[in-house]
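Open the model in your viewer and keep the sequence panel beside it. Follow the stops below in order.

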Amino acid sequence: MGLGFDDYFGTPFAVSDKESKTLPVVRVGRNVTTLEAVEVVARKPLLEQQAGKLVVNVADNITGQGGSVTDLLKKSPAW
């Protein structure tokens, strides 16, 4: 299935030099799937480089949930 239409497979044929061939009209049916729901999830990266500084986003970091700031900085790369 591709792009909302049924696939179409015609019979193979060959055309030699200076030969013309009339092809049949091809009608393809629509093949649409409707989704009940879509979930979009966005997460900030752990490390962001901004204008001369390195920002560590701790909100989604497991270490940030239970550890101390010192523990988090020990696991962050040195700038």
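Start by selecting Leu54, which lies in strand 2. Helices (H or I, at least four residues) and strands (E, at least two) are DSSP runs, numbered from the N terminus. The cut-offs are under 20% relative accessible area for buried and over 50% for exposed, with partly exposed in between (1.4 Å probe, protein chains only).

Before moving on, note what you are looking at. This is a predicted model, in which local features need pLDDT of at least 70 and side-chain atom pairs count only at pLDDT 80 or more, while totals for chains, interfaces and linings use all residues. Residues are numbered from 1 along each chain as its sequence is written, and side-chain values use heavy atoms, with hydrogens and water left out.

**The hairpin**

Now select residues 47–50 and 53–56. These are strand 1 and strand 2, which run antiparallel and are joined by four bridges. Two strands pair if DSSP finds at least two bridges between them.

Go to the turn. Two residues separate the strands of this hairpin. Gly52 sits in that turn, with a positive phi of about 80°.

Draw a C-alpha to C-alpha distance from Leu54 to Pro77. It comes to 9.6 Å, for residues 23 apart in sequence. Do likewise for Val56 and Leu73. They are 17 residues apart in sequence and 8.8 Å apart in space. Leu73 belongs to helix 2 (residues 69–75). Leu73 counts as exposed because its relative accessibility is 55%.

**The segment before strand 1**

Select Lys18, found in the segment before strand 1. Lys18 has a positive phi of about 60° although it is not a glycine. Most residues other than glycine have a negative phi. With a relative accessible area of 89%, Lys18 is exposed.

Next take Val28, also placed in the segment before strand 1. Val28 counts as partly exposed, because its relative accessibility is 40%. With Val28 they form a nonpolar patch on the surface, and their accessible area together is about 340 Å².

**The whole chain**

Zoom out. The protein has two helices and two strands, in the order β-β-α-α from the N terminus. Buried residues make up 6% of the 79 residues. The protein exposes about 7,700 Å², with 55% supplied by carbon and sulfur atoms; areas come from the Shrake-Rupley method with a 1.4 Å probe.

Finally, color by pLDDT, the predictor's confidence in each residue, from 0 to 100. The mean is 79, and 85% of residues reach 70 or more. Which element has the lowest mean pLDDT? Helix 1 (residues 62–66) does, at 60, while strand 1 has the highest, at 83.

How values were computed
Patches are made of residues with over 30% relative accessible area and no salt bridge: like charges are joined within 9 Å, nonpolar side chains (Val, Leu, Ile, Met, Phe, Trp, Tyr) within 5 Å. A salt bridge is a side-chain nitrogen of Lys or Arg within 4 Å of a carboxyl oxygen of Asp or Glu.
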